[in-house]
Amino acid sequence: MRILLTGSSGWLGRFLGPRLRAAGHHVVGLDVAAGTETSVIGSVANRALVDRVFCEFGIEAVIHCGALHKPDIIRYPAQAFIDVNVSGTLNLLEAAVRAKHDRFVFTSSTSLMITTAIREETGNAAVWLDETSGPLAPRNIYGVTKLSAEELCRLTHLEHGLNCVVLRTSRFFPEEDDTLDHVPGPNLKANEFLNRRLTVEDAADAHIVALDRAPAIGFDTFVISAPPPFAKSDVGALKQDAARVIAGYFPDAGELYARRSWKLPHSIGRVYDPGKAERVLGFRCKTDFASIIDALKNDTELPFAHDPDYMSPKERAAR
C-alpha cells in the first residue's frame, strides 16, 4: 500500500519507514523537519497540505506518529499542542474517510494514563495499568491532547467505519530522562524494562502488526510495552521493596548490577500490562528485562539505545 507516515524524521519514524518498505509498502513521510524517511516537509496541522499529500501520492493508509511530545511543553504553548496533536489528527482522519481508507494506526502514549496521584506515587502499592484503567485524568497538555486524539479515532470509527488501532506506547526515547537523574541513563532505562519501557525496534514492529490487523480489529486501544516479569499480586511488595521482588524472579540481578555499579529500583510505583496486545493484536515485544539480564551476564551490548546527546530533528532545525 501507499502509506502516509507522519513524524517520519523522528526517532520512531526512522525505524518504522524501512520496516514498512521491507514489508512491500511505498512510504510517503511527512514531517516538519527533513530526514532520510521524509518526502514532504510540513505539519499535519496544515489541512491544505494534508489534502494535497493524499491527492498527489494516492495515499491508501495512515500511520500517524507525528506529534508534539511531553518535553515540548517547555518549548511550545498549549495551543500548539491542540493544533498539532488534536486538529492535525482530525485532518488526517477526515482525509482518510474521504479517501475511503480501511485502516489508520495512531501512536498514542501511556503517559495519558498517569494521573497526578499516580505520578506522585502516593499509594501503598504499585498501580497496575492496562486498557481498563481509569478514570483517565492526564496531568498535562500532552496527555490531554493525546487522549483527545484517541477519542477522535474512536468517533471516526463509530461514525464512518474507519478501522483505527490506537497504540499506547511506553517509553522508548534514547535521550536522558528530563525529570529523573538519580541513576545514570543506561541504568535507568534498564530498570524501566521491568515496568514501563520498550525498544524503538519493538515499537516499530508493533505498528506493522497494527497496520496488518486493523481491518480485523475495527477499533481498539492497546498498551505497548515490554512484558513485565511480575504478577499482579506483586503490587504491594513492588512498592515496599522492589529489589526483593526482582531477586525472586532474577536471583543474579543484584550481582550483575553491582558489577556495573548500577542500582535496582527500591520502589516501583506503576506497571504497564501489555497482555491485551499479545492476546488480541498478536504482538509481544522481543526485548524485555530478561534480555537486559542476559546482556549483563554475557557482557554483550545492551539491547536498547541510549544517546544523551539526542535531539529531535525539529529542535535541531530550529537552532
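This is a predicted model: local features need pLDDT of at least 70, side-chain atom pairs count only at pLDDT 80 or more; totals for chains, interfaces and linings use all residues.
Residues are numbered from 1 along each chain as its sequence is written, and side-chain values use heavy atoms, with hydrogens and water left out.

The protein chain contains twelve helices and nine strands, where helices (H or I, at least four residues) and strands (E, at least two) are DSSP runs numbered from the N terminus. The radius of gyration of the protein chain is 20 Å, close to the 20 Å given by the globule rule for 319 residues, so the chain is as compact as a globular protein of that length; the radius is taken over C-alpha atoms, and the rule is 2.2 Å times the number of residues to the power 0.38. The C-alpha trace spans about 60 × 40 × 40 Å along its principal axes. Of the 319 residues, 55% count as buried, a term that stands for under 20% relative accessible area, with exposed meaning over 50% and partly exposed in between (1.4 Å probe, protein chains only). Among contacts (heavy atoms within 4.5 Å) in the protein chain with a separation of 6 or more, 76% are accounted for by residues 24 or more positions apart. The accessible surface of the protein chain comes to about 13700 Å², of which 52% belongs to carbon and sulfur atoms, as computed by the Shrake-Rupley method with a 1.4 Å probe, and for residues only the protein chains shown count as cover.

The protein chain carries 36 positive and 40 negative side chains, and the centres of the two sets lie 1 Å apart. In this count Lys and Arg are positive and Asp and Glu negative, while His and the chain ends are not counted; each charge is placed at NZ of Lys, CZ of Arg, CG of Asp or CD of Glu. The structure holds 25 salt bridges, each defined as a side-chain nitrogen of Lys or Arg within 4 Å of a carboxyl oxygen of Asp or Glu.

Asp72 takes part in a salt bridge with Arg75, in which the closest N and O atoms are 2.8 Å apart, and in another with Lys314, for which the corresponding distance is 2.9 Å. Lys314 lies in helix H12 (residues 313-318) and Asp72 in the loop between strand S4 (61-64) and helix H3 (78-98), so this pair ties together parts that are 242 residues apart in sequence. Both Lys314 and Asp72 are buried, with Asp72 at 2% relative accessibility, whereas Arg75 is partly exposed at 40%. A further salt bridge joins Asp51 and Arg47, with the closest N and O atoms 3.6 Å apart; both residues lie in helix H2 (residues 47-57), four residues apart, or about one turn of the helix. Asp51 is partly exposed, with a relative accessible area of 29%, and Arg47 is likewise partly exposed, at 31%.

Most residues other than glycine have a negative phi, and most peptide bonds are trans. A cis peptide bond, with omega about 0°, joins Gly134 and Pro135, and Pro135 is placed in the loop between strand S6 (127-129) and helix H5 (141-160). Lys100, in the loop between H3 and strand S5 (104-109), has a positive phi near 60° and is exposed at 73% relative accessibility. Ser261, in the loop between helix H9 (253-259) and strand S9 (270-272), also has a positive phi near 60° and is exposed, with a relative accessible area of 63%.

Arg168 is found in strand S7 (residues 164-169) and is buried at 5% relative accessibility. Leaving aside neighbours within four places in sequence, the contacts of Arg168 include Ser108, Ser109, Thr110, Glu150 and Phe222. Thr287, located in the loop between helix H10 (275-281) and helix H11 (289-298), is buried with a relative accessible area of 12%. Not counting residues up to four places away in sequence, Thr287 touches Phe193, Thr199, Asp202, Ala226 and Pro303.
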